[in-house]
Amino acid sequence: QVQLVESGGGLVQAGGSLRLSCVASGSIFSRNAMGWYRQASGQQRELVALITSGGSMNFADSVKGRFTISIDNAKNTVYLQMNSLKPEDTAVYYCNANLDTPSGYGINYWGKGTLVTVSS
């Protein structure tokens, strides 16, 4: 059974930085993509950043130039480095992974989320 476990959320002042981590564990044949989504209170979940197995990256326009995404293949861990944080970045951040596993190919898995709060 595949699990995604996030860490690194917390409270930070505007202009500060946080780094989120997400470890994928379990029986994984291959990773197609890993990334981060967020959901602010009363809002829909939105893509923040994504990195594919080929190294391609996508970022939400609102975080370009401030957030970076990276992956440690040996550790099955994806990171989201968030700099110059703004109050509007406050949300629950969810790790997502599209994986090939014994359960099937191209399956989306989600972590439980980690709260990021940016104070003004």
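F67 touches R38, V48, F59, L80, Q81, M82, N83, L85, D89 and Y93, leaving aside residues up to four places away in sequence, where contact means heavy atoms within 4.5 Å. This is a predicted model, in which local features need pLDDT of at least 70 and side-chain atom pairs count only at pLDDT 80 or more, while totals for chains, interfaces and linings use all residues. Residues are numbered from 1 along each chain as its sequence is written, and side-chain values use heavy atoms, with hydrogens and water left out.

**Nonpolar core**
- The largest nonpolar core has 29 residues, and F67 is among those with the most contacts inside it, together with W36, V48, V78, L80, M82 and Y93; such a core is a set of buried Ala, Val, Leu, Ile, Met, Phe, Trp, Tyr and Cys residues joined through side-chain atoms within 4.5 Å.
- Strands that each supply at least two residues of this core include β3 (18-25), β4 (30-39) and β7 (67-72), strands being DSSP runs of E, at least two residues long, numbered from the N terminus.
- β9 gives the most to this core, with five residues.

**Disulfide**
- C22 and C95 form a disulfide, with their sulfur atoms 2.0 Å apart, the term being used for a pair of cysteine sulfur atoms within 2.5 Å.
- This pair links distant parts of the chain, since C22 lies in strand β3 and C95 in strand β9, 73 residues apart.
- Both C22 and C95 are buried, that is, under 20% relative accessible area with a 1.4 Å probe and protein chains only.

**S21**
- S21, found in strand β3, is buried, because its relative accessible area is 14%.
- S21 touches V5, E6, S7, W36, T77, V78 and Y79, not counting residues up to four places away in sequence.

Note on methods. Buried means under 20% relative accessible area, exposed over 50%, partly exposed in between (1.4 Å probe, protein chains only). Helices (H or I, at least four residues) and strands (E, at least two) are DSSP runs, numbered from the N terminus.
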